[in-house]
Amino acid sequence: MTCLVYTSAVLFCQCTIFIILQASSGGDKLLLVLLDGLRYDLFNADMPNLKQIGIDGVKADMILPPFPTKSIPSMYTTATGLYTESHGAVNNNYYDPETGIILDYEHTCNASEWFDTGAEPIWVSANFSGLTSGTYMYPGGSVEIKGVRPNKDVANTEWRWYNLPFRKRIDDVVTWFRDDDLDLVLLYHGQLDTILHATGMESSETMDMISEIDDGLAYLLDELNEYNLLEDMNIIITSDHGHTTAGDVIRVWDCISENDVDFWIPFNGAVGYLNPKLERREEVYQQLKECHHEMNVYKKDETPDYLHYKYNERILDILLLANPPWNLVMSNTTNETSVTEHGYDFLHSEMQSIFYGYGPRFKVGYERGSFESVNIYPLMCELLGISPSPCNGSLDNVSDLLDVTPSSNPNVVCSIPLVLFLILVSLTNVNI
Ligand SMILES: [Zn+2]
């Protein structure tokens with residue numbers, strides 16, 4: 001009996017220690033900065049402030065985004081730790097083959113049904129754990145998901161996309177941390193991506209925007225320091241995909257007839273999606289297979305497993321995937337394509353993005369190899385001291401970035417109900 005009491009007492013003490021540790025380390029805040037389109041090699045541009053963050057914190061050689069390497073699917077993977085087929089925001093444009101509705105990017109960012117699929121973004125996980133959060137132009141961040149919206153948000157609109165300078169966004173986010181005491185903020189910046197698409201990687205406009213972003217990062221640290229927010233703040237700086245210079249086009253409609261297709265996404269780029277008419281499905285598939293040697297054609301059930309782009313009812317019957325730098329013309333009105341493009345298989349290094357971490361929980365001066373962006377969500381949960389929702393990533397894959405051994409999440413290892421259960425067992429044993 002003594003032994004049982006002792007064992008129960010030890011377990012109780014261990015659990016209590018876990019909980020105390022969680023409470024004492026749970027004060028750190030977390031800021032995720034997402035810089036749309038910034039490739040792993042920074043396009044060989046000079047970004048001294050970002051590089052210094054890597055020297056003072058941690059840096060990964062590159063990040064592997066999910067497929068397709070497009071903004072909304074990738075950013076929702078970062079937020080949820082789920083592959084595209086699992087979180088369901090499968091495209092940059094909301095679509096519904098039943099109604100024929102296709103939304104533009106702005107309206108897709110703010111379409112609740114595109115994101116409220118059962119997936120749980122980090123700001124919802126934070127809310128469920130009693131923390132507060134804000135999203136600044138983050139896709140899906142201004143709509144209700146699982147009945148929850150962030151405490152603060154600025155929706156992603158086209159006007160804001162072009163007209164809100166990085167410093168203005170930083171000022172607003174610092175104010176949220178300072179005046180509203182938020183625990184978590186996701187800050188989005190997308191102007192670099194727009195300029196890359198329009199002018200290419202070596203244009204003066206692109207280099208100017210990279211300088212503006214780098215200056216903004218120094219300004220961010222200065223502002224956080226000025227308001228004594230820096231020492232308790234963990235910061236992640238990442239991106240959703242890279243870019244590559246676009247090459248020649250493949251005109252899909254030269255190979256198949258519109259009359260044989262029920263529904264397609266009419267945007268030109270690295271990937272194409274379509275539903276052939278049922279009775280013409282096999283013929284259309286064969287015609288596409290013979291269309292161009294630089295275009296991969298997959299029926300939904302034969303898409304390579306590693307792309308994780310198969311098991312979701314939203315995914316259309318046939319996927320077309322160009323090899324870079326080729327571009328698919330899916331529009332029936334224009335052959336126009338961007339100067340640079342993304343969306344290709346994430347195994348092409350030009351599609352891979354950045355990861356930097358800085359703050360009290362990160363190591364100093366630590367560099368490591370690549371990892372998948374699905375691991376950022378469980379890392380964020382660890383930094384916030386909250387339980388992750390089921391996801392495709394794992395803290396084990398990135399725990400080397402942290403300067404102390406992760407807690408294996410006390411909520412999972414030793415939850416309060418478990419503590420109560422152990423106390424009950426202990427008392428029961430004593431009475432016996
Ligand atoms: Zn993007």
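What is the phi of Gly385, the residue that follows helix 13? My notes below come to that point last.

1. Residues are numbered from 1 along each chain as its sequence is written. The model is predicted, with local features requiring pLDDT of at least 70 and side-chain atom pairs counted only at pLDDT 80 or more, while totals for chains, interfaces and linings use all residues.

2. Four strands form an open sheet in the order 11-12-14-13, with antiparallel pairing (strands are DSSP runs of E, at least two residues, and helices runs of H or I, at least four, numbered from the N terminus; two strands pair if DSSP finds at least two bridges between them). Strand 11 (261-264) and strand 13 (295-299) are the edge strands, and because each has a single partner strand, one side of each lacks a neighbour in the sheet. On average, neighbouring strands of this sheet are turned by 25° against each other, direction ignored.

3. Within this sheet, strand 12 (residues 271-276) and strand 14 (residues 318-322) are joined by four bridges in the antiparallel sense, and Leu274 has Ile318 of strand 14 as its bridge partner.

4. Helix 12 (residues 281-289) lies across strands 11, 12, 13 and 14, running at about 160° to strand 13 (axes are lines fitted to C-alpha atoms, for helices over the stretch in contact, with angles from 0 to 180 degrees between N-to-C directions; contact means C-beta atoms, placed from the backbone, within 7 Å).

5. Helix 13 (residues 376-384) is largely enclosed by the rest of the structure, because nine of its nine residues are buried (20 or more other C-beta atoms, placed from the backbone, within 10 Å of the residue's own). Its buried residues, among them Tyr377 and Glu382, pack against strand 1 (29-35), helix 3 (71-80), helix 7 (122-128), strand 7 (184-189) and strand 8 (233-238).

6. Gly385, which follows helix 13, has a positive phi, near 70°.

Technical notes
Contact = placed C-beta atoms within 7 Å. Buried ≥ 20, exposed ≤ 12 C-beta atoms within 10 Å, placed from the backbone.
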